[in-house]
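Subject: Structure for your review

Dear colleague,

Please find below the sequence and the structure that I am handing over to you. An account of what was found follows directly after.

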Amino acid sequence: MSGDLILRASGLTKRFGGGGFLTRAPVVQAVDDVSLEVRRGETFAIVGESGCGKSTLARLLMRLLEPTAGQVVFDGEDISHAAGPDLTRLRRDMQFIFQDPFSSLNPRMTVGKLIGEPLEVHRPDLTARERRAKIGDLLRTVGLTDAHANRYPHEFSGGQRQRIGIARALASGPKLVIGDEPVSALDVSIQAQVINLMGDLSRDLGLTLVIIAHDLGVIRHMSDRVAVMYLGRIVETGTAAEVFDSPRHPYTQALLASIPAPRVEGEGRAPQLSGEMPSPTAPPPGCRFHTRCPFAGPECRNSVPELAPVDTGEVGSRKAATGTDHRVACHHWREIPLPAGAARSAPHSEPVEARFALYRAAIEGGQVVLKARVPTAAT
Amino acid sequence: MSSDQRVPIEGPTRVSPAAILRLDDFTLRFRGQTVATVNGISLSVSAGEILCVVGESGCGKSVTAMSIMGLLPKGASDVLSGDLSFMGKSYDLRRENLPSHLRGNQIAMIFQEPMTSLNPAFSVGDQIAESVLQHQGGTRAEALRRARDLLVKVGISAPDQRLKEFPYQLSGGMRQRVMIAIALANDPKLLIADEPTTALDVTIQAQILNLIDDLRRDTGMGTMMITHDLGVVAEIADSVAVMYGGEVVEYGPVREIFANPQHPYTIGLMSAMPRLDRPGGRLAIVPGSVPAIENMPSGCRFRTRCAFANETCTERPLPMAAGSGHRVACHFAPLEEHVMVQA
C-alpha cells in the first residue's frame, strides 16, 4: 500500500520559541500532531487562514525546518533530520515554488543563470553546452522561449516571473514540488495561465504537487485531495469533492460559506464566523475551534477530537487509513447538518452560455469568422 | 436586439438625481509618456450605491481613485480632460482638484494595507480622534468619545481598551476596522475603498464586506470599491465598471454584468476564474499580459490580447448601450451576433 505513497508525515509537531537563558520567549505551537499522506502523482492541497501553520507544515515536509517531534518519510526514507549529502539529494527530488515572484528571483542573475544554478548543483555531469540546451528546454516547458535566458528578472511580468520560478524548480528533475501560494500574487488572467501550466506539468511529467493556498476556488480547481488546517491541526481531510461538497467540520463549512459569491434573490447573507483565530502561543484547550464554534459543547473544551473517518460503517484505526477516506476532527460532526445547495454561480441564459463557449473555442485556437451583417450607418 | 439599433452613448447611463459622484470623460497622462494612462473614463456613484471598479494591475483603477481624491503628486501628471461633480458641484479636473477640506470629511478613503496606512507611533484612539478634531474641532475628550462610538460602530469589542492600543497590537481584520472607523469619523457621503479586503483572510474578508454593506444601508453613503476579485464584486456590488488598460470597457448593474457579460475581456476574466462548481480541466484564459503603457495599442486597447480582434479594432470602439444601464465598448459585442468560430 505504501508503494504509491511518496510522502508521509506522522505526528509532526513544530514549536518555536521558548528556551532562552534569562527570558522565556512565548512558545508558538505552529504545527501540532499532524499526520498526512501524499500519493505519487496527485495534487494535494493544504488550505487554511494566515497563522494556521500551513507554511510551517510545508517547510517541515521539505525539511527546510526540523520537526520538534514526529517524522516525515519521503520515498521510503525518513528525512525528518536529514543532513549533508542526504539533504542535497533531497533538494534534488523535492523543490519549492514561492509565492512572490518578485522577491524570490535574484535580480542580478540572468534567467539562464537562475535556471542553470540548480543544474550546476544537481547535475554536475552536464557540459556547459548541455546545460544551455537543458535551460532552453525548461524555458519552453513553462511557455517561455530560449531567447529569454539572457534577460534579467526585472524585464518580465509577474506571470512570466512565476514561470521562471517554476522552470527553476523543475531544473533538478524533482519528484515532488511544493508550492506555497504559487498563484496568489498574480492577476486573475495570469493566475489562470499558471494554474493551467501547473496542471499540464503534473500530468505530463507525472509530478506530485503539494499546494499551500488560501484561495478555495484555486484549490478546488487544482487538487485531488485536500487537508483543512486550523491553528496547527488538520481538522478535515478527504478528496476535494468530499471536502467541498459535503464539508463536515464546522470550520470547513464556515470557510466555504465565507467565499464571496453572488447572492441569490431573497436569500440572506451566509452566516459568518465571528471573531478571529486565537493566538498560537495560547491555543485553546480541547478542540481548538471551540471558541468560535456555534456547535461547541462542554466536551469540546476538554478533549481533543481525533481525526476520524467520516464513514461510520468502517472499522479502522488511524493507522489503517488508506487516505481515500474522508476524515474529520469534530466531536459533533454527526449532528451538524450539511450546508444546503452548493450551486454558487449566477445562472447564465443559453445565448450567454453560447458566448462563453465561443470565447473558449476562439482562445483554444479556433478560427474566428465574421458573420455577414447588414451594414450599419457607421460603416 | 440587432446591432443596427445600437447607438453610441456618452457618459454613465444611469445617472440618478441622487448621484453623489460623477466623473465624466476623465483622461490622465503621466509626464514623459505619450499614451494616456487613464483614457476617457466615466462613472457615477449614487447614495447608498456600491460601485465596484474591477480590473487587473495597471488598468488604472487606483490612479482614477487617487485622482478623484486629488492625491496624485502635483507635476507628475497632466489631466487632459475630465469633469468631476461631487454633491452637485462641478470641478474641471484640468484646472482644479476637489477642495482639500472635503477630503477625509465628505470623501473618505481606505486602502489595501491597513498596517502601512496606520501610524505605528500613535494609539488607535489618537488616530481616530485626529480625524474628528481636524474637521469638526471640539475638545480632545469629545473626540475620543466619538472615537469610542466609532469603534463600536465598526464592530470592535472592548472599545475602551482598543482606544489605548497601538496598531501592532491589532490583527489585520481589526486594523482594517480601525481604518474604516477613521474613514467614517466625519460621516462621509462617499467612501473610496481601494482593495480593502485583499490582504485579509476569507472569513475576515466576509466580516469586512458585511460591515461595509451594513454601513451604506444605515448611512446612505455611496461607495466606490476597487477590487480585482470578481467574487467580491458579485457579493457586494450594485454596479460594476470593468477596466482594462485605463479604459472602462464595460459598465452596468451587477446582475447584467454577470448574467450578460458582453466585452471579451469581461468574458475572459469570468472564464479564467476557478469555479467551485466546475472543478478540473483547463481554464479558458486571457492570453498574454497587459502591455506596458508605452506599448498600449491604438484603437481598442484590448485588441492585442483579444481572440476576436481584426483590423476594425484599430479604431477605438465607442461605448454602446447593451441593455438597461449597461454599456460596452467593443465592435463585436455581443459576440454571437458578429462572429462564428470554426474548429
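In this message, a contact means heavy atoms within 4.5 Å. By that rule, residues 24 or more positions apart account for 66% of the contacts in chain A with a separation of 6 or more.

Two notes on the source are needed. This is a predicted model, in which local features need pLDDT of at least 70 and side-chain atom pairs count only at pLDDT 80 or more, while totals for chains, interfaces and linings use all residues. Residues are numbered from 1 along each chain as its sequence is written, chains are lettered from A and ligands numbered from 1 in the order in which they are written, and side-chain values use heavy atoms, with hydrogens and water left out.

Chain A

The secondary structure of chain A comprises 11 helices and 13 strands; helices (H or I, at least four residues) and strands (E, at least two) are DSSP runs, numbered from the N terminus. Of the 379 residues in chain A, 51% are buried, where buried means under 20% relative accessible area, exposed over 50%, and partly exposed in between (1.4 Å probe, protein chains only).

An open sheet of chain A is formed by four strands in the order β2-β1-β4-β5, with antiparallel pairing; two strands pair if DSSP finds at least two bridges between them. Strands β2 (28-39) and β5 (77-78) of chain A stand at the edges with a single partner strand each, so one side of each has no neighbour in the sheet. Helix α1 (residues 54-61) of chain A packs on this sheet and touches β1 (5-16), β2 and β4 of chain A; its direction makes about 125 degrees with that of β1(A). Axes are lines fitted to C-alpha atoms, for helices over the stretch in contact, and angles run from 0 to 180 degrees between N-to-C directions. Strand β4 (residues 69-74) of chain A pairs with β5(A) in the antiparallel sense over two bridges, and F74(A) stands opposite E77(A) in β5(A).

Chain B

In chain B, four strands form an open sheet in the order β2-β1-β4-β5, and the pairing is antiparallel. Its edge strands are β2 (38-46) and β5 (89-92) of chain B, each of which pairs on one side only. On average, neighbouring strands of this sheet are turned by 5 degrees against each other, direction ignored. Strand β1 (residues 19-30) and strand β4 (residues 77-86) of chain B pair in the antiparallel sense over eight bridges, with R22(B) opposite S85(B) in β4(B).

Helix α1 (residues 61-69) of chain B has seven of its nine residues buried, so it is largely enclosed by the rest of the structure. Among the buried residues are V63(B), A65(B), I68(B) and M69(B). α1(B) lies across β1, β2 and β4 of chain B and runs at about 115 degrees to β1(B). The residue that follows α1(B) is G70(B), whose phi is positive, near 70 degrees.

Salt bridges and the interface

A salt bridge is a side-chain nitrogen of Lys or Arg within 4 Å of a carboxyl oxygen of Asp or Glu. The whole structure holds 37 of them over all chains. In one of these, the side chains of D180(A) and R59(A) meet at 3.0 Å, N to O. D180(A) lies in strand β7 (residues 176-180) of chain A and R59(A) in helix α1 of chain A, so the pair ties together parts that are 121 residues apart in sequence. D180(A) counts as buried at 6% relative accessibility, whereas R59(A) counts as partly exposed at 25%.

The contact between the chains takes 58 residues from chain A and 67 residues from chain B. Chain A and chain B bury about 6100 Å² between them, 55% of it on carbon and sulfur atoms; buried area is the accessible area (1.4 Å probe) that two parts lose on being put together, summed over both. Two salt bridges are found across this interface. R282(B) forms a salt bridge with D200(A), the closest N and O atoms being 2.5 Å apart. E336(B) and R355(A) also meet in a salt bridge (2.9 Å, N to O), and R355(A) is buried, with a relative accessible area of 3%.

With kind regards
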